[in-house]
Amino acid sequence: MSLIMIRSVVRPEKADDVMAALMDAGFPAATKLAVAGRGKQRGIKIGEVTYDEIPKVQIMTVVSELDKDYVIKTIVDAARTGGKGNFGDGKIFVSPVDEMYTISSGVKETDLSSIGEARP
Amino acid sequence: MKEVVAIVRMNKMNQTKKALTDAGIAAFFAHEAWGRGKGLVNSIVAAGAAQGYQEAAEVLGSKGKLFAKRMITVVVPDDKVSGVVDAIMSVNKTGQAGDGKIFVLPLYDSVRVRTGETGNCAIE
């Protein structure tokens, strides 16, 4: 069973919703970072001014590969605005993790229950 | 080439920097981050505590809150990964919950902007 890092870039006002949805889904462990960036719409143009460093929040969470689809669905459902979604709702990036260590115990984790598992 | 992402306590940063330097790795990124660990709580209780309800705050205790952390990213060749992990582990280990996690991720390539070098020589 392998580990997967899910980095999702979401609207700052949706970050709390995503964190709460992850908690309810049984994945409490997460790290939140403030970031700024632009997407394929090249930022927002208001009049003559283009804003292309739009504030976003990056939420990083590491889960088991088996739970990947469930966690991604949880994040997408929580981060989407309106019914069909809008430009600027964000992106989710998934990458493999080779190793994970818990500093307090000093052990290399192989049992993934320490980072949460999907609630049936 | 590997990317080592470590989430550590803020007050351990100076010691971590020194330990990394002693281990022969001078270059790293640091980000401000907020995080929480494996404590599961009910999100309704958490929302109540955030609104200032005393009962909810008592039930919640210190669980479910976001704590200020530092996220360190170090990019190293494969053979130095264990050295970095040991260096970070040695100074950050207090034995209590909240010490943080270390993740090792594969990385495809890196480029030194100044010279255009790629691969391992860009990070050595």
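Axes are lines fitted to C-alpha atoms, for helices over the stretch in contact, and the angles between them run from 0 to 180 degrees between N-to-C directions. The legends below describe close-up views of a predicted model.

**View 1. Two helices of chain B cross in this predicted model.** Helix α1 (residues 13-22) of chain B and helix α4 (residues 81-92) of chain B have axes that come within 9 Å and cross at roughly 145 degrees. This crossing of α1(B) and α4(B) is right-handed. On the side of α1(B), the residues that meet the other helix are Gln15(B), Thr16(B), Ala19(B) and Leu20(B). Their counterparts in α4(B) are Ala87(B), Ile88(B), Ser90(B), Val91(B) and Asn92(B). Sorted by class, the contact of α1(B) with α4(B) comprises five nonpolar, four polar and no charged residues.

View 2. In general, strands of a sheet pair through backbone hydrogen bonds. Two bridges link β7(A) to β8(A) in the antiparallel sense, and Tyr101(A) faces Lys108(A) in β8(A) as its opposite residue.

**View 3. Strand β2 of chain A pairs with a strand of chain B and with a strand of its own chain.** Three bridges connect β2(A), residues 30-37, to β2(B), residues 29-36, and these two strands run antiparallel. Within β2(B), Arg36(B) stands opposite Ala30(A), and Gly35(B) stands opposite Thr31(A). Strand β5 (residues 54-64) of chain A also pairs with β2(A), in the antiparallel sense and over seven bridges. There, Pro55(A) is the bridge partner of Ala36(A).

**View 4. Chain A and chain B meet in a contact of 26 residues from chain A and 33 residues from chain B.** On the side of chain A that touches chain B, two or more residues come from each of α1 (15-25), β2, β6 (90-97) and β7 (99-102) of chain A. The residues on this side of chain A divide into 14 nonpolar, eight polar and four charged.

View 5. After α1(A) comes Gly26(A), with a positive phi near 100 degrees.

**View 6. The largest nonpolar core has 43 residues.** The residues with the most contacts inside it are Val18(A), Leu22(A), Ile59(A), Val4(B), Ala6(B), Ile88(B) and Ile102(B). The largest share of this core, seven residues, comes from α1(A). Beyond its neighbours within four places in sequence, Ile59(A) is in contact with Ser8(A), Val10(A), Ala15(A), Val18(A), Met19(A), Ala30(A) and Lys32(A).

**View 7. Arg42(A) has a positive phi although it is not a glycine.** Its phi is near 60 degrees. Most residues other than glycine have a negative phi. Arg42(A) belongs to the loop between β2 and β3 (44-46) of chain A. Arg42(A) counts as exposed because 9 other C-beta atoms lie within 10 Å, and the limit for an exposed residue is 12 or fewer.

Key: Residues numbered from 1 in each chain as written. Chains lettered and ligands numbered in written order. Predicted model: local features only at pLDDT ≥ 70, side-chain atom pairs only at ≥ 80, totals over all residues. Pairing = 2+ DSSP bridges. Helix = DSSP H or I, 4+ residues; strand = E, 2+ residues; numbered from the N terminus. Contact = placed C-beta atoms within 7 Å. Nonpolar A, V, L, I, M, F, W, Y, C, P; charged D, E, K, R; others polar. Core = buried A, V, L, I, M, F, W, Y, C linked by C-beta atoms within 7 Å. Buried ≥ 20, exposed ≤ 12 C-beta atoms within 10 Å, placed from the backbone. Left-handed = near helix turned anticlockwise from the far one by under 90°.
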